[in-house]
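Visitor: I have a structure open and a few questions. Can you walk me through it?

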Amino acid sequence: MTSLVLDNVSALYPSGGGVTSISAEARGGEITVLIGPNGSGKSTLLKAIAGLIDYDGSIRLNGVDMESMGRRSRAALFAVVDQIPSMNYPFSVTEVLAMGRLPHGRDEPRKNSTLRSVRRAATAMDLSDLCNRPVTELSGGERQRVAIARAIVQDSPIMLMDEPSSALDPGHVSSLFSSLRDMTNRGRAVIVTVHDVNLAAMFADKVWLMDEGRLVRYGNPEDILSRERLSKVYGVDFRRYDGERGKSLWFFELD
Ligand SMILES: Nc1ncnc2c1ncn2[C@@H]1O[C@H](COP(=O)(O)OP(=O)(O)OP(=O)(O)O)[C@@H](O)[C@H]1O
């Protein structure tokens, strides 16, 4: 089973922001949800894991240091969904989804197996009616669903998703997390950032709580999400509500 181990990882920008001394493990078969206030270092940490920025410390996949891998093999290991997916060229939705296979080889997008994956991912993210539309003409939420579906088509051992639900309505948030669960059921490791604490409470197998560039705690949602901790980190008074499905839900009142 996939094991991604971060050992004392630091990635600091010249301005001083970034992340410091992060040690944690993300496993295949689990949805790991990163939460924390704006600027707490979630995106920076995902970028370090994906090898998109320099860092100190080590990140090992199944015992192998990621630094020892070539760019190409590293790109095939991670499917990345950016916080603001850039889609500047008028490729059709189908074409963009098929491009998800490019890290696995130049001929991959043209394969029949890719076409089947594209159809499945399009159905999962409710894009079937948009397949021939240029991505440049889609709404923000539709583009975000395209970026998620492209990552599903890439089907890499590790999925890194930066706020993939930020532009989605509740129905599509539900589809997103069903798709993430499908991936973990097939052994993939999913690491996803969200701002909605309740998504972490409902869907996370593990929660990493970040604050000021550090990992405050990580573990099971029931152990990590507490009124005291959330209120301290976010600076608002959180209250717990016992949801009907046996999960705790969280809300706060505005002053
Ligand atoms: N390219 C950059 N150059 C310099 N500083 C940066 C850069 N990107 C982020 N930072 C700083 O690093 C810190 C962490 O930023 P990061 O984007 O990782 O936070 P985040 O938790 O993802 O925030 P948000 O929830 O707002 O997306 C912040 O203080 C931010 O200002």
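Guide: We'll take the record, the ligand shell, a helix and some backbone angles in turn. Keep in mind that this is a predicted model.

Visitor: What does the UniProt annotation cover?

Guide: The unreviewed entry carries "domain: ABC transporter" on residues 4-237. That span is 37% helix and 25% strand. Its end C-alpha atoms lie 34 Å apart.

Visitor: On to the ligand. Which residues are around it?

Guide: The residues around the ligand are Tyr13, Ser15, Gly17, Gly18, Gly36, Asn38, Gly39, Ser40, Gly41, Lys42, Ser43 and Thr44.

Visitor: Switching to helix α6. What span should it have, and what does it have?

Guide: Helix α6 runs over residues 170-185, which is 16 residues. At 1.5 Å a residue it should span 22 Å. The end C-alpha atoms are 23 Å apart, so the two agree.

Visitor: Which residues of α6 are buried?

Guide: Leu176, Phe177, Ser179, Leu180 and Met183. Seen down the axis of α6, the buried residues fall within an arc of 155°, so they line one face of the helix.

Visitor: Where else is phi positive, in a residue other than glycine?

Guide: Asparagine 8 has phi near 55°. Serine 21 has a positive phi too, near 50°. For context, most residues other than glycine have a negative phi.

Visitor: Which strands are they in?

Guide: Asparagine 8 lies in β1, residues 3-12. Serine 21 lies in β2, residues 18-27.

Visitor: Is asparagine 8 buried or exposed?

Guide: Exposed, because it has 12 other C-beta atoms within 10 Å, and the cut-off for exposed is 12 or fewer.

Visitor: What about serine 21?

Guide: Serine 21 has 14 C-beta neighbours inside 10 Å, so it counts as partly exposed.

Note on methods: Residues are numbered from 1 along each chain as its sequence is written. This is a predicted model: local features need pLDDT of at least 70, side-chain atom pairs count only at pLDDT 80 or more; totals for chains, interfaces and linings use all residues. A residue is near a molecule or strand if its C-beta atom, placed from the backbone, lies within 6 Å of it. Helices (H or I, at least four residues) and strands (E, at least two) are DSSP runs, numbered from the N terminus. A residue is buried if 20 or more other C-beta atoms lie within 10 Å of its own, exposed if 12 or fewer, and partly exposed in between; C-beta atoms are placed from the backbone. The expected span of a helix is 1.5 Å times one less than its number of residues. The arc is that of the directions from the helix axis to the C-beta atoms. UniProt positions are given in the numbering used here, feature names are shortened, and annotations may be inferred rather than shown by experiment.
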